[in-house]
Structures are given as structure tokens and as C-alpha cells.
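Me: I have a protein model to work through. Can we take it in short questions and answers?

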Amino acid sequence: IDGRLSDEQIEGFDNVYNSFKQAMDHLVDGTEDAPMKMYIAPYVYWIHNPDSENTPDAFGIVKSCQNLQMIGLTDDPRNVVIAGNYGLDDV
């Protein structure tokens, strides 16, 4: 996954995505000996659309995937962020 890439840049490439939700749709179960690996480039990946109300985009991701490894492609794990904002604005 690389959120810095445009739709045009990833077009035609298998297993290259520019959004976390898009990649989730393509995960398959792995095994202990051969886990499913997801490589994630540095970026802030929103798992929902905080501007949506009562739509599927307003909620996070629910996905079952056995033996999944998420691997950040950076030496600093703070550079790969999987984000959700469910704070209350009117408190």
C-alpha cells in the first residue's frame, strides 16, 4: 500500500493499492509458515471517511484474515499511521 500514489500510477499493477480499505478487500488467509504479508509505505491511512454520516464510509474496517503480517516500509514506525477519528466535536 502506498497512499502517495495516484489511481493512475497503480493501474495495471497486481496487489498495489493506494488506500488501506482497498487493500483489505484483497487479503487472503495465510498460514504460520507462509503468512499473508501487507507492506505499507509511510503515510497516514484513514480507515473511514470522518465526513460521512451513517454510510459504510463512516465506519472503520472489519476484516478477518488469519496469519496476517503488516510490515511498515520505514525505519520509524511512527511514519506509518492507520488512523480513525471518532472524537466528539461538541463536547
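Me: Which residue forms a salt bridge with Asp2?
Reply: This is a predicted model. Side chains of opposite charge can pair when their charged atoms come close. For Asp2, the closest N and O atoms of the pair are 2.9 Å apart, and the partner is Arg4.

Me: Is Asp2 buried or exposed?
Reply: Buried means under 20% relative accessible area. Asp2 has 14% relative accessibility, so Asp2 counts as buried.

Me: And Arg4, buried or exposed?
Reply: The cut-off for exposed is over 50%. Arg4 has 54% relative accessibility, so Arg4 counts as exposed.

Me: How many salt bridges does the structure hold?
Reply: One of them pairs Asp2 with Arg4. Another joins the side chains of Asp76 and Arg78, at 3.0 Å from N to O. The count for the structure is two.

Me: Which strand gives the largest share of the lining of the second largest pocket?
Reply: The lining includes Met36, Lys37, Met38 and Tyr39. The largest share is four residues, and it comes from strand 1 (residues 36-40).

Me: How many residues of that pocket's lining are nonpolar?
Reply: Ile1, Ala23 and Leu27 are among the lining residues. Tyr counts as nonpolar too, and Tyr17 is also in the lining. Two lining residues are polar and one is charged, while the nonpolar ones number seven.

Me: What space lies in the second largest pocket?
Reply: Rolling a probe the size of a water molecule over the atoms shows where empty space is left. For the second largest pocket, the space is about 150 Å³.

How values were computed
Residues are numbered from 1 along each chain as its sequence is written. This is a predicted model: local features need pLDDT of at least 70, side-chain atom pairs count only at pLDDT 80 or more; totals for chains, interfaces and linings use all residues. Side-chain values use heavy atoms; hydrogens and water are left out. On a 1 Å grid over the protein atoms alone, a cavity is a set of points where a 1.4 Å probe fits but cannot get out, and a pocket is an open set with protein on both sides within 12 Å along at least five of seven lines; lining residues have an atom within 4 Å of a point. Grid points are joined across faces, edges and corners, and a volume is the space filled by probe spheres set on the points. Helices (H or I, at least four residues) and strands (E, at least two) are DSSP runs, numbered from the N terminus. A salt bridge is a side-chain nitrogen of Lys or Arg within 4 Å of a carboxyl oxygen of Asp or Glu. Buried means under 20% relative accessible area, exposed over 50%, partly exposed in between (1.4 Å probe, protein chains only).
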